[in-house]
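Biologist: I'd like to learn how to read side-chain contacts in a model. Can we go through some together?

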Amino acid sequence: MAIAKAERLMNLALCLLGTRRPLTKRELRSSIEAYLEAAGDDAFNRMFERDKDDLRELGLIIDTAENVEGEAAYQARRDLNQLPPITLDPAEAAALGLAARVWQQARLAGAASGALQKLRAAGMPLTDDDRGASGALQPRIPAQDAAFEPLMLACRDRRPVVFQYRKSTEAQPAKRQVEPWILECWRGHWYLAGWDRDRRAERVFRLSRITGPVRSRAGAYTAEVPDQVRVRETVERWAGESATASARIRLRKGCGYPLRARATQARDTGDGWEELEVPYGHGLGAWLAEFGPDVLVLEPADLRADVVDRLRAVAKG
C-alpha cells in the first residue's frame, strides 16, 4: 500500500510539473492509472484531495486556477519549484563533507554519499580527499551506536522517546522517558541532551549506555526546548574538565597514563605505586572506576565512596 501511494504521488507530481497549462481533476484522473481504478467519483475526489495535500506538505507549490468552463485546474510551475543555485565556500564544503562522514557506518551512508556527489557536480569545491591525498590525517566522527539514528530522527521530528539506560553506578538499566533536544559528539562518544519526563529536569545521556531499542512516542513536548543546548559544557562539567578541587590517588606503575598526564603532582612511593594529585570534579569517579584495581583513591572520602559504589555495581553484573 505504501509503495502504491508513493507511486501515485510521484505520477501526480510529474503531471502537475510537466503540463504547460493547468489541468482539471477530470484530466488528471484520465492520465493517472491509480485514479482510473478508483471506485466511483467520491472515492477519486477523496484520494485526489489527500494526495494534493500530501504533495503540498512535502513542499510542492501547486497553483489553482479556473479554465474557460469555470472548472478548478491545477499546475505546479517549474520556476516556483526549483531550488536556488548552490554556492558553497571551502569551509562550508568541508563541514558538509564531515557531516556526511558521520553516516559512514549508518543506514543513510549511501544517501549521504549520493548527495555529496550531486553537490560536487554542481560545483562544490574539492577537498584534499577528493584530489587523492593519502597519508593525511582526516577527521572522523563515528556513529556506530545503535541508538544514534533513531535519536537523530527523533530530535529532528521533535518526537518523545523511551529507552532503557544503564548508569555507571547501577548494575541494571532503567526506563527513561525523554524529550530529545540535540545530539553531540565529544571525545569519540555521542551524547543526547533532552528533558527527562520522570525526573522533570534536563539530562544528558551517553548513547553507549542505552540498552535495547529506542522507541518513539506520539504526542507533543511538555517542556520548552532551549534556544541553545550546551551539551559539551555539561559533559565536560560531569567529566571533571572544569574541576576546581584536587583528589589524591595511588596509581600502579605502568598503568593509567591518561591519569598521569593530568596529574598536577606525582611521587614515587617505592612499592610499585605512585601517589598523584589530579583535578577533581563531577564525573571523576566514573573515570577512575574504569582503571579497576590499578587505582586507589586516598581522598577526598566522598570520591573514594563513589568509586567503591561503582566497582560494586560492576561486580554485581
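Biologist: Which residue forms a salt bridge with Asp294, and how far apart are the closest N and O atoms?

Modeller: The general idea is that a salt bridge is a side-chain nitrogen of Lys or Arg within 4 Å of a carboxyl oxygen of Asp or Glu. Here Asp294 pairs with Arg252, with the closest N and O atoms 2.9 Å apart. That pair links distant parts of the chain, 42 residues apart: Asp294 lies in the loop between helix 10 (284–289) and strand 12 (295–299), and Arg252 lies in strand 9 (residues 245–252). Helices (H or I, at least four residues) and strands (E, at least two) are DSSP runs, numbered from the N terminus.

Modeller: Keep in mind that this is a predicted model, where local features need pLDDT of at least 70, side-chain atom pairs count only at pLDDT 80 or more, and totals for chains, interfaces and linings use all residues. Residues are numbered from 1 along each chain as its sequence is written, and side-chain values use heavy atoms, with hydrogens and water left out.

Biologist: How many salt bridges does the structure hold?

Modeller: There are 21. One of them joins Arg267 and Glu275, at 3.1 Å from N to O. Arg267 is partly exposed at 47%, whereas Glu275 is buried at 16%. Through shared partners, salt bridges tie Arg248, Arg267, Glu275 and Glu299 into one network.

Biologist: And the rings: how many aromatic pairs are there?

Modeller: Rings of Phe, Tyr and Trp (its six-membered ring) pair if their centres lie within 6.5 Å; planes under 30 degrees apart count as stacked, over 60 as edge-to-face and the rest as tilted. This structure has nine such pairs. Among them is Tyr165 with Phe205, edge-to-face, 5.1 Å centre to centre and 80° between the planes. Tyr165 sits in strand 4 (residues 161–165) and Phe205 in strand 7 (residues 201–206), 40 residues apart, so the pair links distant parts of the chain. Tyr165 is buried at 6%, and Phe205 is buried at 1%.

Biologist: Which residues form one aromatic cluster?

Modeller: Tyr35, Phe44, Phe48 and Tyr74 do.

Key: Buried < 20%, exposed > 50% of the residue type's maximum accessible area, 1.4 Å probe, protein only.
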